[in-house]
Amino acid sequence: MEPRAASANSPAARKKAEKAEKKLAKEKEKWQLYIDYLHRHITIVTSKYIIWEKNDFDLFKEAVEKAQRLDEKDQSNADTLAKLKLRLEILETKKYFSECNMFKKYFDFITRMRQLNLIAKDLIKVCKKAKLEPKPIEELERYFNVWKDLVSPKFNISVLEPNSEDFTMGHPGMKYVRWLCLFRTILFLGNKFMDKASELTDIPLLAGGEFVGFNLSEDQQVICERFEGLYRLKTSKKLPGQIKAPKVLKRLEDDREDKYKLPGETSYLTFKIPKAPKKHKGKGKGAKEAKGKGTGKGKK
């Protein structure tokens, strides 16, 4: 006779379940660090961008216009971050330091989101290693890859299509508004990635988390709490080794117009997301910028 399989309540089965639970708890500690880091730092960059868009965008437009006029070799609109950086160098050479600061603030946002993109990459790696569901990981990779494209210095944003029907890339105002659309799209991708990563790992965003809410300003705390409400876990599921599924809470609902919501929370003033981002391989013509070498501690 063949030996009977151990019942679910047998000592062997309980021991196996406990071992799996401990292993999962250890894995979730790692995942939690990535989720918390993204939650905290997307909060910080969002708060800083809101202030910049409200107070400095008009000055940024003037700086863009002046830099274009001063560019003796190329009078066309800047369509890559690399070209915008060259225009910054022109302003520095001509000693227009006030205008330079407008550019530098914008590039600081891009740098922060480029660093967070590397954190997102590492999170995908650990999710694959833990053999979590492949389809949600593929969705994460899609958001990650488009995000990576958009923070690349050589990416040509003139090929993108605005979500608004009020204007196209050929509209005169898009010389300036394209930079709002670009960064809002990057924030949108960061938000989507954060939401889907939380859902995949079953780790909720918690504004009061040990590594999330410390030393945030009052405005940043409000944004942090809003992310917690917006991206609550939609479903209750058990991960491999998990005894009970977590409790599901209702997501925050907001009926206000999109323009009154956080940048990146909706598709307002963003570009349409490409369905098939370019692969980042090879060193031929059009190859992307070399990968960064880590992020160190995040800035505030």
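Predicted model: local features only at pLDDT ≥ 70, side-chain atom pairs only at ≥ 80, totals over all residues.
Reader: What makes α4 and α5 roughly antiparallel?

Author: The axes of α4 (residues 97-129) and α5 (residues 134-150) cross at roughly 160 degrees and come within 10 Å. That angle makes the two helices roughly antiparallel.

Reader: Which residues of α4 and α5 meet?

Author: Contact means heavy atoms within 4.5 Å. Among the residues that meet are M113, L116 and I124 in α4, and I137, L140 and F144 in α5. M113 and I124 are also among the α4 residues that meet α6, where the partners include W179, F183 and I186.

Reader: How many helices and strands does the protein have?

Author: Seven helices and zero strands. Helices (H or I, at least four residues) and strands (E, at least two) are DSSP runs, numbered from the N terminus.

Reader: Why is the pair of W52 and F57 called edge-to-face?

Author: Rings of Phe, Tyr and Trp (its six-membered ring) pair if their centres lie within 6.5 Å; planes under 30 degrees apart count as stacked, over 60 as edge-to-face and the rest as tilted. The centres of W52 and F57 are 6.1 Å apart and their planes stand at 65 degrees, so the pair is edge-to-face. By contrast, F57 and F60 are stacked, with 6.3 Å between centres and 25 degrees between planes. F57 and F60 both belong to helix α2 (residues 57-70), three residues apart, about one turn of the helix.

Reader: What links W52, F57 and F60 to other rings?

Author: Ring pairs join them into a cluster that also includes Y49, F103, W179 and F183. The structure holds 16 aromatic pairs.

Reader: How do you know whether W52, F57 and F60 are buried or exposed?

Author: Buried means under 20% relative accessible area, exposed over 50%, partly exposed in between (1.4 Å probe, protein chains only). W52 has 2%, F57 has 10% and F60 has 0%, so each of these residues counts as buried. Of the 300 residues in the protein, 43% are buried.

Reader: Is I50 buried, exposed or in between, and what makes it so?

Author: The relative accessible area of I50 is 30%, so I50 is partly exposed. I50 belongs to helix α1 (residues 11-55).

Reader: Which residues does I50 contact, leaving aside its neighbours within four places in sequence?

Author: I50 is in contact with I223, L262 and P263. I50 and L262 are 212 residues apart in sequence, yet 8.1 Å apart in space, C-alpha to C-alpha.

Terms used
Residues numbered from 1 in each chain as written. Heavy atoms only, no water. Axes fitted to C-alpha atoms, helices over the stretch in contact; angles between N-to-C directions. Parallel < 35°, antiparallel > 145°, perpendicular 65-115°, else oblique.
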